[in-house]
Protein chains: 4
Amino acid sequence: SKFEYVRQFEAHDECLPHCWIVVRIDGKGFHRFSEMHNFVKPNDDRSLSLMNVSAEKVMTDFRDIVLAYGQSDEYSFVFRKSTTNYNRRASKLMTNLVSLFASTFVYNWTKHFPDTQLKYPPAFDARVVLYPSNRILRDYLSWRQVDCHINNMYNTCFWKLIQDAGMTTTEAQHRLKGTLSGDKNELLFSEFGVNYNNLPEIYRKGTLLVRSSVQETATKTVPNKNGDGTMEETFQRKRYITETLYTDIVGDKFWREHPEILGEDS
Amino acid sequence: SKFEYVRQFEAHDECLPHCWIVVRIDGKGFHRFSEMHNFVKPNDDRSLSLMNVSAEKVMTDFRDIVLAYGQSDEYSFVFRKSTTNYNRRASKLMTNLVSLFASTFVYNWTKHFPDTQLKYPPAFDARVVLYPSNRILRDYLSWRQVDCHINNMYNTCFWKLIQDAGMTTTEAQHRLKGTLSGDKNELLFSEFGVNYNNLPEIYRKGTLLVRSSVQETATKTVPNKNGDGTMEETFQRKRYITETLYTDIVGDKFWREHPEILGEDS
Amino acid sequence: SKFEYVRQFEAHDECLPHCWIVVRIDGKGFHRFSEMHNFVKPNDDRSLSLMNVSAEKVMTDFRDIVLAYGQSDEYSFVFRKSTTNYNRRASKLMTNLVSLFASTFVYNWTKHFPDTQLKYPPAFDARVVLYPSNRILRDYLSWRQVDCHINNMYNTCFWKLIQDAGMTTTEAQHRLKGTLSGDKNELLFSEFGVNYNNLPEIYRKGTLLVRSSVQETATKTVPNKNGDGTMEETFQRKRYITETLYTDIVGDKFWREHPEILGEDS
Amino acid sequence: SKFEYVRQFEAHDECLPHCWIVVRIDGKGFHRFSEMHNFVKPNDDRSLSLMNVSAEKVMTDFRDIVLAYGQSDEYSFVFRKSTTNYNRRASKLMTNLVSLFASTFVYNWTKHFPDTQLKYPPAFDARVVLYPSNRILRDYLSWRQVDCHINNMYNTCFWKLIQDAGMTTTEAQHRLKGTLSGDKNELLFSEFGVNYNNLPEIYRKGTLLVRSSVQETATKTVPNKNGDGTMEETFQRKRYITETLYTDIVGDKFWREHPEILGEDS
Ligand SMILES: Nc1nc2c(ncn2[C@H]2C[C@H](O)[C@@H](COP(=O)(O)OP(=O)(O)OP(=O)(O)O)O2)c(=O)[nH]1
Ligand SMILES: Nc1nc2c(ncn2[C@H]2C[C@H](O)[C@@H](COP(=O)(O)OP(=O)(O)OP(=O)(O)O)O2)c(=O)[nH]1
Ligand SMILES: Nc1nc2c(ncn2[C@H]2C[C@H](O)[C@@H](COP(=O)(O)OP(=O)(O)OP(=O)(O)O)O2)c(=O)[nH]1
Ligand SMILES: Nc1nc2c(ncn2[C@H]2C[C@H](O)[C@@H](COP(=O)(O)OP(=O)(O)OP(=O)(O)O)O2)c(=O)[nH]1
Ligand SMILES: O=P(O)(O)OP(=O)(O)OP(=O)(O)O
Ligand SMILES: O=P(O)(O)OP(=O)(O)OP(=O)(O)O
Ligand SMILES: O=P(O)(O)OP(=O)(O)OP(=O)(O)O
Ligand SMILES: O=P(O)(O)OP(=O)(O)OP(=O)(O)O
Ligand SMILES: [Mg+2]
Ligand SMILES: [Mg+2]
Ligand SMILES: [Mg+2]
Ligand SMILES: [Mg+2]
Ligand SMILES: [Mg+2]
Ligand SMILES: [Mg+2]
Ligand SMILES: [Mg+2]
Ligand SMILES: [Mg+2]
Ligand SMILES: [Mg+2]
Ligand SMILES: [Mg+2]
Ligand SMILES: [Mg+2]
Ligand SMILES: [Mg+2]
């Protein structure tokens, strides 16, 4: 129609080639959302598992995501450098991804929160960030994992002080002000008998989803040699699966053991 | 942490000021989604109402949307020119909006499709488009409504030929090839006794959601004059509501009757 | 060649359609440049005329510039809303324009500074700014002209205090601190007998270049009626010329008198 | 002033961090420019040297350019990955650079073209392109050098056929159609006795400007030991100079011999 000229106002937003494309999503107003749905403090296993299955669904549908990392109300998805998914259009990538995550979150709510009704549909924001080298991509992931560690340690202490030591939130904040990582470790151990390093890794490290391939033997039906019937034939195939890990990704160990994730070029 | 430098790789994406910001969303792969969930052809009232309540939720949460227009698996949301919502950051606007739409869609599924189970969580894409003048914004909306009209007329004929006249899809396509609007009108009337203009307006025009204000009288409790008690006092207030219309927005009539939507400047 | 893939890294930077495209250029380090070439203070007529011819050359070569405004070491060029020059590519527009301006500036140096050798080749920066409406474009131009006025009034006082009253720069700054426009007018008049409004308009208002068309009668040689020779025939043609004005563009008067510049749509 | 709000319409255009920033400039309409100024065909030494001194001036003023490569009417400038020049603002970088290049070109015209008057001031376009890795940056430079090679070989044959063999341009084009590199080599040798590889390297390879540092001994005046006078003291300092090379940059040799240019990270 004569109105079609308005399409020309749409912007081109293809991502620079040869960069890692990271889409990070984050729950909107999850402070309130977690209160309204009585999330366990500081870590609610139901919420963690619901976030994780939603992220797995995203990885299943977006075949070019090589790795995802989640903690709290956020998840980061890493597309391989050379992806041409949606022609690398930033808007397409982030909106399709975030809406799939959100709708999967609601879709699976009851399975993970069987006794809690979903009071309202949650929203998530998303952004695309480009990282030009493996080193910087690793620093990005380290940034998120260090953030997880710092928040989790703080929150663990905070809620212990309130739930077990009966402090008010103001008192707990005051008690923790200026404390370093070592101080908090010590506090947990001496005052609450908690060895921080024994807490579940999912709380301390966050969740890492890695796509990996497994070699498997499968069978197919083929015409038999006489040409007068069929027979079963076995063959080898690669299958992609998503592995879930709770592990350190700041140090070199993990990356040395999984060189295929980032590929050879640094 | 020393990793925070990675934030510098995030792009600034504030929209040009003083432009209408349109966010258009569109269902991903709804051809398949409508098949899988046995949508009535060509128009499924359940789908339309579910799309519409999801859009209403979006308008409720995003106070700066002045108008929304939906048809088929898509919806366009128009933010007022001078909005500072999310500081006009394009990514924030489109991702928060589309994820809210998608999660609301799933949240309300059962209410609108009581007899159909949701087979998988749907995704939607979204894009931000800027329109510098009222005239062009109107042309944008006209573009979408003309698209609705053309598709609906075609689909109405197409499915009549198949469902009532027993044609195959190929035959129906062939029958409609090269026909103009008038031909299709005639076909519907002479072959199926259908007066196209009597079909429900929601099919022919799509759905328009308009925020409008109503003046209402409310009461509040205030200290009484003696200062020894309280009294009820009535006062006037403006309340914003969302009106749903199925009406022509290509011509001038609607805009003349609702001058407040676009405001005075052209 | 196999290396051509590197072209894909070039960004698309087409300007949003239907917006005024303004390219503003500004001399790099002209504080130093004006010192090194002994510019008259506060206004050097040679510099002004050189800037102006350079801008005229730009208008001659870029046919879609409807208006240019210059003052000090800067110039703003306004392309018509619907220009498709260089397909509206921002980089192409600003770099071709600014390099033409700079090379013209050097090319014409000797004509305007016959007694001063050019010590080094100057650079200019440039930027593209989009304005979605006539009102905002006018506010942009007002911003530059008010800036001209404020700077010129300050500089006129400043250099009078130094050159005529023998103050040091520190004393002059101190004397002018906190003074308003009226105070400066008064100072010039009472202390130096200068009526600010009698100063040359080019200093007070800056320079406006407007493309306007004149109807003219021209002649061409055509075959004569007998077909056995030629004859001269007169005809009317529109010719575009650049008019130079030193006039107020903040108020409505100018725009009312030149409605063709911005055109009818607001 | 109340008009300052118009600054908000300026776009942010900082380049993605940690990428090589390449600014390529190219003469506007140099086909005509070279004709008008009677450039020697296919290569005019005066033009080449003028382009080269202009590029050297650019490298002198922009300290973060590590390398520049020029051929024909174009030049590419490579800023180091981590430059913060102009805060990495793309518009600032390309416009300041291109206008300096253009004004230097005019400034030095007479020195290089002593017998040819400059008929009009030339313009150059410029663009910013980002390259995320050393490998791709090298491919970019290879692209430009291979382009130089192909054009130069073609043009050398073309003008030989016209100037020495008396062909028309159409005949020359026809003669060269479909020929490969080897054919052209052979043609030059057998028909004109020219060994292509003996032509000046500047024609065949283009010009490479590399910033390199030399260690030098300098002297400064310092207070003497008795504190009653001064003495000369020698010290070591690094000085940056621009080296000019006509060499292959497609193969590995050059890069192996100059590892400092790109630095260690790939
Ligand atoms: N109790 C509890 N709260 C959680 C859990 N996971 C996340 N949260 C809450 C804690 C934080 O208040 C919030 C995440 O912090 P954000 O910085 O993302 O803030 P919020 O989502 O409120 O605001 P935003 O819209 O992202 O700016 O979610 C959990 O497992 N248990
Ligand atoms: N039967 C039926 N189908 C509908 C209805 N509303 C939308 N659809 C279907 C018809 C179209 O195949 C599809 C919308 O067309 P699109 O161009 O958006 O295609 P689709 O979503 O398949 O692909 P996309 O991911 O948007 O590129 O949705 C409805 O009420 N009834
Ligand atoms: N004496 C004198 N100076 C002038 C004249 N026109 C411009 N200038 C000088 C005064 C200012 O120092 C300078 C323009 O100010 P800018 O804000 O553009 O500063 P400048 O160019 O030094 O730095 P920039 O590279 O633009 O950030 O040029 C003139 O006619 N006479
Ligand atoms: N005779 C001669 N011509 C040269 C020399 N260097 C460059 N040129 C001419 C040959 C080409 O026609 C032209 C460069 O080609 P371009 O593709 O840049 O075309 P041109 O600048 O005409 O158009 P443009 O504005 O860049 O699209 O400059 C030279 O040394 N001698
Ligand atoms: O933690 P982030 O990245 O979401 O940081 P923020 O302070 O919430 O900033 P933003 O407005 O970019 O979400
Ligand atoms: O109808 P649209 O705007 O979605 O058009 P499209 O052809 O699907 O294009 P796009 O890839 O921009 O969604
Ligand atoms: O007067 P301007 O617009 O040049 O303002 P500035 O403070 O010099 O800023 P910029 O770095 O954008 O030139
Ligand atoms: O050789 P280039 O890169 O200048 O290529 P072009 O075909 O001239 O294209 P452009 O319009 O980008 O200058
Ligand atoms: Mg945030
Ligand atoms: Mg959040
Ligand atoms: Mg968060
Ligand atoms: Mg689409
Ligand atoms: Mg769709
Ligand atoms: Mg659709
Ligand atoms: Mg400036
Ligand atoms: Mg300046
Ligand atoms: Mg200035
Ligand atoms: Mg070009
Ligand atoms: Mg050229
Ligand atoms: Mg060229």
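A salt bridge is taken here as a side-chain nitrogen of Lys or Arg within 4 Å of a carboxyl oxygen of Asp or Glu. By this rule, 6 salt bridges are found across the interface of chain A and chain B in the predicted model. One salt bridge joins the side chains of A:Arg127 and B:Glu10, with an N to O distance of 2.9 Å.

On the side of chain A that touches chain B, the elements giving two or more residues are the helices α3 (90-107) and α5 (134-163) and the strand β4 (124-131). The greatest contribution to this side comes from α3(A), with 13 residues. By residue class, this side of chain A divides into 27 nonpolar, 12 charged and 8 polar residues.

The extent of the interface was then considered. The size of an interface is often given as the accessible area lost when the parts come together. For chain A and chain B the area buried between them is about 4000 Å², and 64% of it lies on carbon and sulfur atoms. Within the area that chain A buries against chain B, 16% is supplied by A:Phe3, A:Tyr107 and A:Trp143, more than by any other three residues. In terms of contacts, 47 residues of chain A meet 47 residues of chain B.

Backbone atoms of chain A approach oxygen atoms of ligand 1 at several positions. At A:Gly29, a backbone N or O atom lies 2.7 Å from an oxygen atom of the ligand. A polar backbone atom of A:Gly27 is 2.9 Å from an oxygen atom of ligand 1, and a polar backbone atom of A:His31 is likewise 2.9 Å from an oxygen atom of ligand 1. Ligand 1 on its own has 630 Å² of accessible area, and the protein covers 65% of this area.

How values were computed
Residues are numbered from 1 along each chain as its sequence is written. Chains are lettered from A and ligands numbered from 1 in the order in which they are written. This is a predicted model: local features need pLDDT of at least 70, side-chain atom pairs count only at pLDDT 80 or more; totals for chains, interfaces and linings use all residues. Side-chain values use heavy atoms; hydrogens and water are left out. Contact means heavy atoms within 4.5 Å. Buried area is the accessible area (1.4 Å probe) that two parts lose on being put together, summed over both. Helices (H or I, at least four residues) and strands (E, at least two) are DSSP runs, numbered from the N terminus. Ala, Val, Leu, Ile, Met, Phe, Trp, Tyr, Cys and Pro count as nonpolar, Asp, Glu, Lys and Arg as charged, and the others, Gly among them, as polar. A polar contact is a pair of N or O atoms within 3.5 Å; within protein, one must be able to donate a hydrogen and the other to accept it, and residues adjacent in sequence count only if both atoms are side-chain atoms. Accessible areas come from the Shrake-Rupley method with a 1.4 Å probe; for residues, only the protein chains shown count as cover.
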